[in-house]
Amino acid sequence: MSQSSKEKTIVIDCHAHLEHHSKPDWQDNDRRLLQAGDKLGIDRLCCSILTPRRPATAAGFRECNDWTADAMKRFRGRVLGYCYVNPGYQREAIEEIRRCVEDRGFIGIKLYNEYTCNEPVVFPVVELAIELRVPILQHAGHAHYFNKDQPRISDGGHLAELSQRYPEAMLICGHVCGGGDWEWTIKALRNAPGVYLDTSGSVIDEGVIEMATELLGADRLLFGCDMSMTAGVGKLRAANLSARDKRKIWGGNMKRVLQARGAR
Amino acid sequence: MIIDVNAYLGHFAFRPLRHNTATGLLKLMDRQGIDRAIVSSASAITYRNSQAGNEEVAAEVKRHRGRLIPFAVINPSYSGWQHDLKCCCEEFGMKGLRLYPRWHNYKLSDPCCLDLVNEAAERDLPVSIPIRAEDQRQRSWLVEVPDVPLEEITGLLKACPKARFLLINGIGFAKSPLGTRKAGLPPNYCIEISRLSAVLGNEVGQLVADLGPSRLVFGTGMPFNYPDPALIKLAVLDASRQVKDMIRWRNAAGLLRLAR
């Protein structure tokens, strides 16, 4: 990507995934992700591993996080880990988050679609994220039809409500470009300053980044790919924004989020 | 030289498009170093009478024919399509067709569609088929328009071997018969890259290997899409300069019978 300023732009993909080890080619695929990052100028990838089937069991999410921890060692400084949990296993989820963040240097929590994020079962996880000063990356999307595969998927409105309850939480609304009607999502988050919006997803609709910046402000956008690598990089490169705003989105904002806990 | 085979003018029914006039699109192309673009009417996707969209595009590109290459959106299930086709070719000088079978409520195997495609072949016009107009997940509550199934396209290629096809806004070719010479399909189609991966799964690379570099063409989907993702795909693709030039413009120039 072009650097429009002499200042080094740090590029942090806030939304990436490593492969579940049940896939025989997981090692090659993980290596390809890092190679893609090299080609595209991505300095760091914030990754989680999800169970192939949800809802995840406690054993299932622990195993995923063990593999993420291994990858953090293998690709030290490049791969940062999110701890994935299913809040339905409350005691195990809380223990797992502490184990991952306090003992293994994970940078945040990944929540998927087991529960809508404003359900009370999620609150203890949010309270722990606040205590540990780590962000929660919430899988999200808003469609104008019932998503039978994901009946409890969260959307921007749920995240806004959660943020109102916990204004000090650092919440990230996942993949605005992979979760349905992005105009709806951006508008739903307009009055939720505690929620960051992740730009990832395969959709490359012209104007999405500019609208998000205009309504939410550049300080609330986080660059991400969610494995749609050229889409992720391309849409931000193309967006008609100032170099200063782009620097924030490429990685400045995520760096600030990571620094809340002291990660560099 | 870059030729974009996947661009549009006009309005889309479900969200505002910017850069959607000839002047606006050309400015965007200039910013990205894109020399020429095939354009069709975005409005014609949802107009009942798609010819109204063709008329709008014809008027828009009139003073920009050196750079904007108009394609006609023809709905073969709508009355008077034969007249519309004749008008688009002979009066407007349009250089190809775009078909929206799902939006316009017909199948590629329908006799009316075969008639249209055979007529296009007679006129030596390439037929462009967008697999989708926009991502399904963001669709309006008013419509549910599925992607065009690749199997249906395969059937059309076989049924009309003399026609020439341009498959745009698609994905998953590498895992279908369309993605390999071994399937024995007539070599009468090209695949546009805007939705294909060039890293990780690297569908572009797979198609170059399995189908041959002469079958891939560059496209962006402007102004529905940002153009940069497609440009980045070409930049990061592990391929020779010669192969990239084929994808960037040479294959499209051949398809369009452009003087080199």
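Strand β6 (residues 171-173) of chain A and β7(A) pair in the parallel sense over three bridges. Strands here are DSSP runs of E with at least two residues, helices are runs of H or I with at least four, and both are numbered from the N terminus. Two strands count as paired if DSSP finds at least two bridges between them. The model is predicted: local features need pLDDT of at least 70, side-chain atom pairs count only at pLDDT 80 or more, and totals for chains, interfaces and linings use all residues. Residues are numbered from 1 along each chain as its sequence is written, while chains are lettered from A and ligands numbered from 1 in the order in which they are written.

The term right-handed applies if, with the strands pointing away from the viewer, the path from the first strand over the helix to the second runs clockwise. On its other pairing, β7(A) runs parallel to β8(A), joined by two bridges. A:Leu197 has A:Leu221 of β8(A) as its bridge partner. Helix α7 (residues 208-216) of chain A lies on the path from β7(A) to β8(A), again in a right-handed β-α-β crossover.

In a regular strand, side chains alternate between the two faces of the sheet. In β7(A), A:Val195 and A:Leu197 point one way, A:Tyr196 and A:Asp198 point the other way, and all are buried. A residue is buried if 20 or more other C-beta atoms, placed from the backbone, lie within 10 Å of its own; it is exposed if 12 or fewer do, and partly exposed in between.

Strand β3 (residues 79-84) of chain A was examined next. Six of its six residues are buried, so β3(A) is largely enclosed by the rest of the structure. A:Val79, A:Gly81 and A:Cys83 point one way, and A:Leu80, A:Tyr82 and A:Tyr84 the other. Strand β2 (residues 44-48) of chain A runs parallel to β3(A), with three bridges between them. A:Leu45 stands opposite A:Val79 in this pair. Together, β2(A), helix α2 (residues 58-74) of chain A and β3(A) make a right-handed β-α-β unit. Three bridges also link β3(A) to strand β4 (residues 108-111) of chain A, in the parallel sense. There, A:Tyr82 has A:Gly108 as its bridge partner. From β3(A) the chain crosses through helix α3 (residues 90-104) of chain A to β4(A), and this β-α-β crossover is right-handed.

These strands belong to an open sheet of eight strands, with parallel pairing and the order β1-β2-β3-β4-β5-β6-β7-β8 (chain A). Strands β1 and β8 of chain A stand at the edges with a single partner strand each, so one side of each is left without a neighbour in the sheet.

Helix α9 (residues 243-259) of chain A has 17 residues. At 1.5 Å a residue it should span 24 Å, and its end C-alpha atoms are 22 Å apart, which agrees. The expected span is 1.5 Å times one less than the number of residues. The helix bends by about 55° at A:Ile249, where the bend is the angle between axes fitted to the seven residues ending there and the seven starting there. Buried residues of α9(A) include A:Ile249, A:Trp250, A:Met254 and A:Leu258. Their cover includes β1 (12-17), β7 (195-198), β8 (221-222) and α8 (229-238) of chain A.Chain A holds nine helices and eight strands. With 264 residues, a compact globule would have a radius of gyration near 18 Å; chain A has 17 Å, which agrees. The radius is taken over C-alpha atoms, and the globule rule is 2.2 Å times the number of residues to the power 0.38. Buried residues make up 55% of chain A.

Chain B has eight helices and eight strands. Its open sheet has eight strands in the order β1-β2-β3-β4-β5-β6-β7-β8 (chain B), with parallel pairing. The edge strands are β1 (3-9) and β8 (216-217) of chain B. Buried residues make up 53% of the 260 residues in chain B.

Key:
Two residues are in contact if their C-beta atoms, placed from the backbone, lie within 7 Å.
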